[in-house]
Amino acid sequence: MADFPDHSGALAALVGQSSGPIELSPDPVNTAMIRHWVEAMGDTNPVYTDHDAAVAAGYPGIVAPATMLQAWIMRGLKHTLDLEAARAAGNAPKGDANSQMMALFDEEGRTSVVATNCDQEYFRPLVLGDRLLVKSSIESISDPKQTGLGHGRFATSLMEFFAVPNDAVTKDLTNEQLAERGALVGTMRFRILKFRPGTGAVAPKAKPPRPRPAITQDNAFYFEGTLAGELRIQRCTDCGALRHPPLPACGKCASLNWDYVVSEGRGELLSMVVNHFPQVPAFDYPLPIGLIALDEGTRIVANLAGEPGDWTIGDRVVAEIVRFDDELALPVFHHETKEA
Ligand SMILES: [Zn+2]
């Protein structure tokens, strides 16, 4: 695993800092945006669309749904395109605390992101003509934590929403000055987890069974044999040649007549490969696989026990019939010991 830097100090210095300039909503709270919103949400509460109903409910007039809070500030596609164009022209906005934080997370190897939760608080209803301002800052950054998704840090952004009457907005006042004169109408805390991909807790899964062989009338004797603890090798009853894997006809004399012998399971390792990829969950890796010359005079491909490094071409081997489950047993070759 790569060694990543620990940016705890630099990240701690960003807590409490602004994520960028205070932004002013493009439009005052208005009936058109409210109507589109409540129609999309299926919210039929008349206080959002009917002045008299709103007054009867104790409001000064139509109010905006509280959950529209962020909708008033959203900048839309043009803003994004303008930003992209500025970046392409080398005029990217100077890094704010939020983009600095994201860059530090990335350097720590935490390149994956997931939004974890969003909390909103509302302090007074938004009424027609309110103009919103939002001030964003970094509220907290956690120490590194091991989570189910991966090794990461939680970061919470705080957005504070202020409202001023629309006619208070003039070119003479900066957004900062406007926000100071405004009333705090709501907050939103948005929390993300930035984590290192591939470092999450993997739920232990039951190992799936080994893949089933395709049993045919030609090879059934072999798999019945292993289940009975025998390594059966097909033999031509006309010329006596052994053959493996099982086939319908003799490769030497073409006879269709055959029976089998039970091999002692002893032989020599002729060749081997180590399977690293692709990995199938039913097997353990690295998976050494040997080509064995059986003493009876035919060859067989089978798993080798132990680690790949345990094996040298020419090693003497002996088969152990391993029963993997109720339906499947296969030979696995070990080193032949002197006393065996
Ligand atoms: Zn034959």
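A: Start with the rule for pairing: two strands pair if DSSP finds at least two bridges between them. Strands are DSSP runs of E with at least two residues, helices are runs of H or I with at least four, and both are numbered from the N terminus. The model is predicted, so local features need pLDDT of at least 70, side-chain atom pairs count only at pLDDT 80 or more, and totals for chains, interfaces and linings use all residues. Residue numbers start from 1 along each chain as its sequence is written.

The part to look at is a closed barrel. Five strands make it, in the order E12-E13-E14-E16-E15, and the pairing is mixed. From one strand to the next, the twist averages 50 degrees. Angles here run from 0 to 180 degrees between N-to-C directions, with axes fitted as lines to C-alpha atoms, for helices over the stretch in contact.

Now zoom in on E14, residues 299-304. One partner is E13, residues 287-294, which pairs with E14 in the antiparallel sense over five bridges. Two residue pairs can be named. Ile 292 has Ile 300 of E14 as its bridge partner. Ile 289 is bridged to Asn 303 of E14. E13 and E14 form a hairpin with four residues between them. Gly 297 sits in that turn, with a positive phi of about 115 degrees.

E14 also pairs with E16, residues 329-335. Here the strands run parallel, joined by two bridges. Leu 304 has Phe 333 of E16 as its bridge partner. As a general point, side chains in a regular strand alternate between the two faces of the sheet.

Next, the surroundings. An automatic or database assignment sets the domain bounds. Domain 1 covers 8-195 and domain 2 covers 220-335. Their centres, taken over C-alpha atoms, are 67 Å apart.

There is also an open sheet. Its three strands run E10-E9-E11, with antiparallel pairing. The edges are E10 (242-243) and E11 (258-263), each pairing on one side only. E9 (residues 231-236) and E11 are antiparallel over six bridges. Within that pairing, Arg 235 has Asp 259 of E11 as its bridge partner. Helix H7, residues 220-227, lies across E9 and E11 and runs at about 150 degrees to E9. Contact means C-beta atoms, placed from the backbone, within 7 Å.

Terms used
Two residues are in contact if their C-beta atoms, placed from the backbone, lie within 7 Å.
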